[in-house]
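The structure comes before the notes.

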Amino acid sequence: MNTALCPCESGRAYDACCGRWHHGPLHLQAPDAEALMRSRYAAYVLELADYLLATWYAGTRPAGNFNFEPGLRWLGL
């Protein structure tokens, strides 16, 4: 169980916030636009490429692998 604060800055524990969308049985089912935006931001911070690709609009999704910029630091949502 991950009780660290979620990177989306909601003030909630990761598992009770975006972690449930990233890893839980509700994968990809964020209930609204804000939850999806927060979960995608947290996925960038945590470098969860599979989640990002799965939630990306097919018409603009990168083909092939998605690579993260080495050393990139996310400052906040």
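Which residues of α2 are buried? They are A35, R38, S39, R40, Y41, A42, A43 and Y44, where buried means under 20% relative accessible area, exposed over 50% and partly exposed in between, with a 1.4 Å probe and protein chains only. The model is predicted, so local features need pLDDT of at least 70 and side-chain atom pairs count only at pLDDT 80 or more, while totals for chains, interfaces and linings use all residues. Residues are numbered from 1 along each chain as its sequence is written, and side-chain values use heavy atoms, leaving out hydrogens and water.

**Helix α2**
- Helices are DSSP runs of H or I with at least four residues, numbered from the N terminus.
- The cover over the buried residues of α2 includes α1 (19–23) and α3.
- The 14 residues of α2 should span 20 Å at 1.5 Å a residue, and its end C-alpha atoms are 20 Å apart, which agrees; the expected span is 1.5 Å times one less than the number of residues.

**Cores**
- A nonpolar core is a set of buried Ala, Val, Leu, Ile, Met, Phe, Trp, Tyr and Cys residues joined through side-chain atoms within 4.5 Å.
- The largest has 10 residues, including W21, L53, W56 and F66.
- Two or more of its residues come from each of α2 (33–46) and α3 (49–54), and α3 gives the most, with 4 residues.
- Another core, of 6 residues, lies apart from it, and C6, C17, C18 and A42 are among them.

**Surface**
- V45, in helix α2, is partly exposed, with a relative accessible area of 31%.

Conventions:
Contact = heavy atoms within 4.5 Å.
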